[in-house]
Amino acid sequence: MRDLDFTTVFILAQKELRDARRNRWFLLYAAAFAGLSLGLAALALSGAGNYGLAGFGRTSASLINLILLIVPLMGLTLGALSLAGEREKGTLLYLLAQPVTQLELLLGKFVGLALALMAAIALGFGLTGLLIGVNGGGAQVTTYLGLLLLTCLLVLVSLSLGFLLSALVQRGATAVGLALFLWLGLTIFGDLGLMGTALILRLNVDQLFALALINPLQLFKITAVFNIRQNLELLGPAGIYAIRTYGSQLLPLLIGLLTLWIIAPFLVAIQLFKRKGVL
Amino acid sequence: MNGKRLSVGLIGLLLWLSGAWGVGSGAWGVAYALLPTPHSLQSPSIPAEGLAQAIAAAAPGDLINVQGGVYSGHLLIDKPLTLIGHDWPVIDGGGEGSVVQITAPGTTVRGFLVQNSGDSLDQENTGIVVEAPNTLVEDNRFEQTLFGIYLRQANNSVVRGNLIHSKPLDVPRRGDGIRVWYSNDVLIENNTVEMGRDVVLWYSERLTVRGNVVNNGRYGLHFMYCDDAHIVQNRLTNNSVGAFLMYSRRMIMENNTVAGNRGPSGYGIGLKDMDDAIVRDNLFLDNRVGAYLDGSPREVDSIGHFQRNVFGYNDIGVEMMPAVRHNEFMGNSFVDNDEQVAIAGGGSSAANNSWTVADQGNYWSDYAGFDANGDGFGDIAYSSERLFENLVAREPNLRLFLYSPAINTLDFAAKAFPIVRPQPKLVDERPFMTPIIPSQVPALPRAAVSWWFVAAFLLLFLALGIVQLSRLRQHPYRFPQLEKQV
Amino acid sequence: MIEVTHLTRRFGKLTAVDDLSFTVKPGEAVALWGANGAGKTTAVRCLLNLIPFEGQITIAGLDVRQHSKAVRTQIGFVPQELNFHDDLTVSETVTFYGRLRKLPHGTDLTPLLTRLELIPHINKRVRDLSGGLKQRLALALALLADPPILILDEPTANLDIRAREEFLLFLHTLKQEGKTFVFSSHRLEEITALADRVLLLEAGKLVIDTPPHELERRLGWETTLHLYLPEPTIEPALQTLTHFGMPVSRNGRGVRVQVAPGKKGELLRRLHEAGIVIEDFTVE
């Protein structure tokens, strides 16, 4: 920590940003995110436009669904490639022979990729927001920006998890494979498993809510619903239980857990990276 | 250089847009301007300060013109008079009790700003209390009045074109914008009620409630024991509940726009023990529940009619209690509700309610069938059978997983492998291929969109800025060839 | 300048560097010599604290583990495999590493790039550079901030013979300018051209630490001779040589024997006295 130099971190982050700008996968993700969110919004708005009803409320559900699918994919795969890719190419060795600590390298890469991903998200949200504006807006522009911030948190979570995978393995392909596996687990199989468990063991509402919070994607979703509705009735008894139990503490709790999901994997990644060295 | 010019251009565009859509332009100014200005000045007018004396001096049936001014204190109108205000004369209750009390039948009060009642719910502190029949309360404004207009045993009265604000208290401590109590054949028309508690209509028959706007309250309209009421072309938005209809017969609700009602119950329309209700050509949009049915119809030989309504973008389109039966749904459009139809506690209502009437079904946005013969109806039946909804009905806790991609996977699996296909909630034999959009409904207000443009452009700037960040300080050193280029 | 004590690095069961200790004085050039797999590259990586290790390394008075960053500012490193970011141009690469090394803004890089003859290639992408150009770029990067120590891992591995000579000459000039060198190599001519001292590594162990001109003598401690003998005399020859304490073994049409320099005569004399005729011999 004593050696942490933010100029170095900035230079490395810049390099990462620049690489992202030239990375086909990143550009594809950014385009897919912007295109899909625009498409979904257009679809939702065109339907709702028939009724003189427009705005963000109509598109929120499909947006949440899209974000849950694509944003973790972006963060996980790009994060997984970050270290493992450079390690495989051999550039990692030379970088670390410079006056650069492992923490600085990891931080620089994280910050750079995070900024790149946030730029992609801002682009998607910006274009979609423009479309919503053209279609008559809606009162909830702050809610929309809230969802944007939550999406940024989600991408940081998945990036951090991707870094963890990247620090674990040698080869880029292995890391990406693991990332896809984790992505499937977080988006689909984790929830399916928990639903099955809840049905079979007849979990109480508090147990179910607590278990759901383990999955950062559920955390994001619950927070996003709360952001849009200011309550969780949409999520049934478990949502009502959450509001009743935590009240005004709920939002800080959810955000806190999401933040924990950003910091903890990153710290573990640093430890792994330090123990392993550059090989 | 190019980037800079672009930035300047974008900022200019941004400012232009802000101006064009009127950032922060007061919605109130617009609303006031919509009220017609009173204009009959045949008789000499007095300032408001002299109101009590003028009333005392007047003969029944007189017209009193009031030109501006402020009357402080309570005003009792105990003889049939016509009071016309010009330039918004003020009647100020001083923050205690009710402001105006009308006890004489045939009285007209028009064009006043009534303000500052007390705030006691027990004493029902009100802007204008009407305790006599055949009264007209028209084109007045109400500010800081706990209750706005209270008709108590005032048959055949008309409340029209008033703009009513309650006090800025917690919703339960506010009063009702309009309250109608034991008053038959009353017309409530073109009023705007905002930030009140409820609009309450109890124990009154043959009411007409037309063209009103009720926003940001608790119950937009609350009917109890009001047989033969006619509710038409009202706009009920952002209340806790749009309209709750209870214990009444033969009520007709048509051409209303009911949107964004998302309070704790959050019904667009709730029907409790309603017999022979007709609900048709309404828009129910973006409510928690579009229509909620409990014990309706109550009598065995009675039928609830739901025709050509749009239930769109609600969390639940139509929710009914399991025992609900004898409702006929025809020509309604169910558009992109998170759950189109829900039976509280699960089960199937197909046997007890009709979804196809006179060979006409409803439009379902999730209908996946086709119309080969081109008659406007799908050739195969629509059946509502999402596995997730089925699971949620059995285990409501699972609703927590709403929007999870796992749900889509689950529903897809259920379609692909019929072995896990759930029991259908309802079957519509003749689904419409296109939605039917009611035309006579009030339009929703166009929201201020400028902030959307501001936010969108800021985000695009942000993205651009991050990209530019990677170009920062890329040439700090001197190279032979680079210098040549410069 | 560099002090290595009891450096050990294991990969699983394999001990790549085994209890290695040595010191390098300022201005000295020290070569790590040995076959492939002898542990040269691993030792170099430990010097830069790129991989965890046991033992102690001090460079410029700083423990490399505690102060790896400060240590690395003192070191210019040329790796064996020249993996830079392929899509950057030469000038972009130089700028990137210059910034990482805190090279002051406004520094004129013309002299350095001129000296390494990189100027015509300054706008080429790294992926388009030949092996020799990449090697020169690597050296340019190592010299960017003018560090006192240069650590080079097989510095001429990517070069053809002519380029290798030029490169060595350049390194020699740098040495005369006072740089401290640690480099690994498996080529004798490199070592004799540049090193003040040679550390011979075998299976991770330090075998010999000597100036290069002593190397031949010390290496010649045991020369291996192949003696081609008539078949019937092979067995007696083995017995005779064993008797005189010479390590000998049977080998095809003769015997293989290890002798100290200056003792070849004695070997031949002994065999002659035993009546054994040598048909031919080769020195390994």
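Cys152(A) is buried in the predicted model, with a relative accessible area of 12%, where buried denotes under 20% relative accessible area, exposed over 50% and partly exposed the range in between, as computed with a 1.4 Å probe on protein chains only. Cys46(C) likewise counts as buried, at 0% relative accessibility. Because the model is predicted, local features need pLDDT of at least 70 and side-chain atom pairs count only at pLDDT 80 or more, whereas totals for chains, interfaces and linings use all residues. Residues are numbered from 1 along each chain as its sequence is written, chains are lettered from A and ligands numbered from 1 in the order in which they are written, and side-chain values use heavy atoms, with hydrogens and water left out.

The size of an interface is often given as the accessible area lost when the parts come together. Between chain A and chain B, the buried area (the accessible area, with a 1.4 Å probe, that two parts lose on being put together, summed over both) is about 5300 Å², and carbon and sulfur atoms give 70% of it. The contact, defined by heavy atoms within 4.5 Å, takes 69 residues from chain A and 55 residues from chain B. Across this interface 3 salt bridges are found, each requiring a side-chain nitrogen of Lys or Arg within 4 Å of a carboxyl oxygen of Asp or Glu. One of them joins Arg288(B) to Glu233(A), with the closest N and O atoms 3.8 Å apart. On the side of chain A that touches chain B, helix α5 (residues 102–134) of chain A gives the most, with 14 residues; helices here are DSSP runs of H or I with at least four residues, numbered from the N terminus.

At the interface of chain B and chain C, 10 residues of chain B are in contact with 17 residues of chain C, and the two chains bury about 1300 Å² between them, 59% of it on carbon and sulfur atoms. Within chain B, the most area is lost to chain C by Tyr477(B), Arg478(B) and Phe479(B), which together account for 49% of what that side buries. The count between chain B and chain C is 1 salt bridge, and Arg478(B) forms a salt bridge with Asp108(C), the closest N and O atoms lying 3.9 Å apart.

Terms used:
Helices (H or I, at least four residues) and strands (E, at least two) are DSSP runs, numbered from the N terminus.
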